[in-house]
Amino acid sequence: MERVICLAIGYVFGLFQTGYLYSKSRHMDIRNYGSGNSGSTNVLRVMGKKAGLIVFLGDAGKMIAACLITRLLFSGRPDMLYVYLLYTGLGVILGHNYPCYMQFKGGKGIAASAGLLASLDWRVMLVCLAVFVITVAVTRYVSLGSILVMVCFMAGMSFFAYRGDFGIGAEHLPEFYVLALIIGFMGIWRHHANIKRLLNGTENKLGSKKKE
């Protein structure tokens with residue numbers, strides 16, 4: 001039941017589509033422009049840096065808020081808390097990527113995943129941030145930076161959980177690993193079209209006009 005509660009809390013928060021709501025406040029539907037999704041990268045490309053930052057902070061913030069509620073509800077279960085946080089995180093990402101009131105057409109969950117990193121472990125968050133910034137600075141491919149962040153997320157979460165840093169009971173570690181892998185691979189899979197373009201050299205670079 002606790003797992004279902006965490007998923008439900010997450011999904012409800014995930015339904016707050018910052019990109020869609022912000023674009024509607026500017027009398028447009030961001031899903032009709034650029035890549036067609038409502039995430040912060042598409043908002044950045046279509047509407048500019050300020051809009052992109054606002055949407056990024058909103059999407060990361062909804063994850064942080066959902067995780068704070070989970071911490072308050074399940075503070076008495078330290079052996080399971082981080083497992084429950086991953087369920088909440090998965091719920092937020094599902095709500096963000098597949099919002100039921102928008103024909104299940106949302107974002108890719110990277111900004112929300114950044115909020116999950118901030119809620120779980122600052123060390124992994126800093127490594128992921130460094131990987132993202134360096135990758136985008138060198139290649140100008142936001143998608144590649146996002147994909148590598150999800151790889152670092154899976155590796156970092158698994159490493160520190162195995163080391164015992166999260167206080168997870170040994171019997172619950174496999175569940176934690178599986179959830180971390182699901183979240184990571186979901187983020188990578190949402191970039192499958194970007195991966196194809198990266199491989200054939202047609203992916204859009206940061207600052208360039210989107211190729212039709």
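User: Why is R140 called partly exposed, rather than buried or exposed?
Analyst: R140 has a relative accessible area of 37%. Buried means under 20%, and exposed means over 50%. The value of 37% falls in between, so R140 counts as partly exposed. Keep in mind that this is a predicted model.

User: Where does R140 sit, and what makes its backbone worth a look?
Analyst: R140 is in the loop between α7 and α8. Its phi is positive, about 65 degrees, although R140 is not a glycine.

User: Which other residues have a positive phi?
Analyst: Among them are H27 and F104. F104 is not a glycine, yet its phi is positive at about 60 degrees. F104 lies in the loop between α5 and α6. H27 follows α2 and has a positive phi near 60 degrees.

User: Which residues of α2 are buried, and what covers them?
Analyst: Helix α2 spans residues 18-25, and its buried residues are T18, G19, Y20, Y22 and S23. The cover over these buried residues includes α3 and α4.

User: Why is the F74 and Y84 pair called tilted?
Analyst: Two values decide it. A pair of aromatic rings is described by the distance of the centres and the angle of the planes. The ring centres of F74 and Y84 are 4.8 Å apart, and pairing requires centres within 6.5 Å. Their planes stand at 50 degrees. Stacked needs under 30 degrees and edge-to-face needs over 60, so 50 degrees makes the pair tilted.

User: How do you know that this pair ties parts of the chain together?
Analyst: F74 is in the loop between α4 and α5, while Y84 is in helix α5. The parts they tie together are ten residues apart in sequence. Both F74 and Y84 are buried.

User: What makes F166 and F176 a pair, and of which kind?
Analyst: Their ring centres are 5.7 Å apart, against a limit of 6.5 Å. Their planes meet at 50 degrees, so this pair is tilted too. F166 lies in the loop between α8 and α9, and F176 in helix α9. The two are ten residues apart, and the pair links distant parts of the chain. Both F166 and F176 are buried.

User: Which aromatic cluster do F166 and F176 belong to, and how many aromatic pairs are there?
Analyst: F166 and F176 form one aromatic cluster with Y82. The count of aromatic pairs comes to four.

User: What makes up the largest nonpolar core?
Analyst: This core holds 41 residues. L86, F153, M157 and F176 touch the most other members. The helices that each supply at least two residues are α1, α4, α5, α6, α7, α8 and α9. Helix α5 gives the most, with ten residues. In soluble globular proteins, nonpolar side chains tend to be buried together.

User: Which residues does M157 touch beyond its sequence neighbours?
Analyst: Leaving out residues up to four places away in sequence, M157 touches L117, L120, D121, V124, F166, F176 and A180. Each contact means heavy atoms within 4.5 Å.

User: What lines the largest pocket?
Analyst: The lining has 22 residues, and S40, F56, I110, L129 and F132 are the closest to the pocket's centre. Helix α7 gives the most, with six residues. By class, the pocket lining has 16 nonpolar, five polar and one charged.

User: What lines the largest cavity?
Analyst: Its lining has 22 residues, with N37, T41, N42, K108 and N194 nearest the centre. Helix α3 supplies the largest share, four residues. Helices α3, α6, α8 and α10 each supply at least two. The classes here are four nonpolar, 13 polar and five charged residues.

Technical notes:
Residues are numbered from 1 along each chain as its sequence is written. This is a predicted model: local features need pLDDT of at least 70, side-chain atom pairs count only at pLDDT 80 or more; totals for chains, interfaces and linings use all residues. Side-chain values use heavy atoms; hydrogens and water are left out. A nonpolar core is a set of buried Ala, Val, Leu, Ile, Met, Phe, Trp, Tyr and Cys residues joined through side-chain atoms within 4.5 Å. Buried means under 20% relative accessible area, exposed over 50%, partly exposed in between (1.4 Å probe, protein chains only). On a 1 Å grid over the protein atoms alone, a cavity is a set of points where a 1.4 Å probe fits but cannot get out, and a pocket is an open set with protein on both sides within 12 Å along at least five of seven lines; lining residues have an atom within 4 Å of a point. Ala, Val, Leu, Ile, Met, Phe, Trp, Tyr, Cys and Pro count as nonpolar, Asp, Glu, Lys and Arg as charged, and the others, Gly among them, as polar. Rings of Phe, Tyr and Trp (its six-membered ring) pair if their centres lie within 6.5 Å; planes under 30 degrees apart count as stacked, over 60 as edge-to-face and the rest as tilted.
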